[in-house]
Amino acid sequence: MPRVDFRLYLVTDRHQTLGRPLLPLINQALVSGVGAVQLREKDLHTRDLLSLGRDVLSVTVPCRVPLLVNDRVDVALALNADGVHLPSESMPVSVARRLLGPDRYIGVSAHRVDEVVDAQSQGADFVVLGPIFATPSKHPYGPPIGLDVLAEAVRRTSIPIFAIGGVAARHIPRVRRAGAFGIAVISAILGAEDVLAATRVLLDRLMETQ
Ligand code: 3NM
C-alpha cells in the first residue's frame, strides 16, 4: 500500500479557474507545495482526457507529486499515473486493486460513515468524505453532512480521511479538530486570484494544526 504522506489534495475542474488555463494553475499549486492532484474532468472524452493527463503529468512528475485519475482506471493505467480516485458509484476497490496492483494509490469518495468503513475494509489507501460544508462546486450529493459525521467516521476507522466540500482556509482548525487527516479542494485553490498564495495559506494552516 502506498503511504499517504500528503495533507492537501487538489481536485481539478477546468471550469472553475476564473477563465484561466488549468495547467499553469496546477503548476503554481505544485510550486507552493500541494501534495497530490486528482484529475477530475468528467466531461472530457477519453482522448482529450489522456492528452490533458499527459500535460498534467509533465508538471507533477518533476515535483514528485502523485497524480490520481478520477474513476478511469483505464486512463490511469494508460498514463502510468500514480493511482485512481473512485467515486462511490465506481468499481469496487478490490477490482481496481487487482487492475492497478499494490503500489498505486486508490482513493475513494464517501458521503456517509458506512461508506468510509467499507472503503477501509476493502483496502482503499484513503477516503475523501463530504460535502462537509456547502459548496457551489457540487450539488448532486445534497446538503452538507457537517463536522459531526466527519468526527464519527474518524472515530470508527483508522484510514486517512480528507474533508471535501466548501473547505476553505478558515475551516482548517475545525476540520482538523474533527480528526481529518487532510483536505481536498477545488475552489480554494483553482478559484483563488492568487493560487500560489492561497495554496501556501492552506498548507500553513494544515501545518499549524498538525
Ligand atoms: N466531491 P470545492 S464535494 C469533487 O462531497 C467534490 O464528494 C465532493 O469543491 C463530495 O472545494 C466536491 O470547490 C467539490 O467545494 C469540492
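Which residue in β8 does Tyr9 stand opposite? The close-ups below start there. This is a predicted model in which local features need pLDDT of at least 70 and side-chain atom pairs count only at pLDDT 80 or more, while totals for chains, interfaces and linings use all residues. Residues are numbered from 1 along each chain as its sequence is written, and side-chain values use heavy atoms, with hydrogens and water left out.

**View 1. Strand β1 meets strand β8.** Tyr9 has Ala184 of β8 opposite. Three bridges join β1 (residues 8–11) to β8 (residues 182–185), and the two run parallel. (Strands pair if DSSP finds at least two bridges between them; strands are DSSP runs of E, at least two residues, and helices runs of H or I, at least four, numbered from the N terminus.)

**View 2. Eight strands close into a barrel.** The order is β1-β2-β3-β4-β5-β6-β7-β8, with parallel pairing. Neighbouring strands are turned by 25° against each other on average, direction ignored. (Axes are lines fitted to C-alpha atoms, for helices over the stretch in contact, and angles run from 0 to 180 degrees between N-to-C directions.) Helix α6 (residues 146–156) packs on this sheet, touching β6 (126–129) and β7 (161–164); contact means heavy atoms within 4.5 Å. The direction of α6 makes about 170° with that of β7.

**View 3. Helix α1 packs against helix α9.** Here α1 (residues 22–32) and α9 (residues 195–208) sit at an angle of about 40°, with axes 8 Å apart. The contact is made by Leu25, Gln28, Ala29, Val31 and Ser32 of α1 and Val195, Leu196, Thr199, Arg200 and Leu203 of α9.
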